[in-house]
Amino acid sequence: MVKRENTAESQGSGESASRPRPVEVLREARAQFAELTGLTTESVTTFEQSEDGWSLEVEVLELARVPDTMSLMASYQVELDPQGQLTGYRRLRRYERGRADARRSGGG
């Protein structure tokens, strides 16, 4: 669960008190994802907030190889509820670290 400090700023409106700040959601999402999968998030490539909660796309190292450019990376979509609790995740793609992703704009 995302923890909020009890400050005057967070007590202002009901909405700000019930919804965590984006940076809190990112930190907690990474921690929850790592605990569930055993994978450490290397980067967050997308982050969106909606009425239903939050959606992130994270990149992780799935299999370390030598040289590092041959390591297998993966991109996961991570879904969270409005309070920042992880509700699901799925792997979107898997690729070698040194490869540009042709499916993304600007990726190659």
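This is a predicted model: local features need pLDDT of at least 70, side-chain atom pairs count only at pLDDT 80 or more; totals for chains, interfaces and linings use all residues.
Residues are numbered from 1 along each chain as its sequence is written, and side-chain values use heavy atoms, with hydrogens and water left out.

Let's start with the sheet. Four strands form an open sheet in the order 1-2-3-4, with antiparallel pairing; strands are DSSP E runs of at least two residues, helices H or I runs of at least four, numbered from the N terminus, and two strands pair if DSSP finds at least two bridges between them. Strand 1 (41-50) and strand 4 (86-96) are the edges, each pairing on one side only. Strands 2 and 3 are joined by nine bridges, and Leu56 stands opposite Val78 in strand 3.

Now the core. The largest nonpolar core has 13 residues, and Phe33, Leu56 and Val78 are among those with the most contacts inside it. Such a core is a set of buried Ala, Val, Leu, Ile, Met, Phe, Trp, Tyr and Cys residues joined through side-chain atoms within 4.5 Å. Buried means under 20% relative accessible area, exposed over 50%, partly exposed in between (1.4 Å probe, protein chains only). Helix 3 (22-37), strand 2 (53-63) and strand 3 (72-80) each supply at least two core residues.

So which residue does Phe33 pair with edge-to-face? Tyr89, at 5.3 Å centre to centre and 85° between the planes. Rings of Phe, Tyr and Trp (its six-membered ring) pair if their centres lie within 6.5 Å; planes under 30 degrees apart count as stacked, over 60 as edge-to-face and the rest as tilted. Phe33 is buried at 1%, whereas Tyr89 is partly exposed at 38%.
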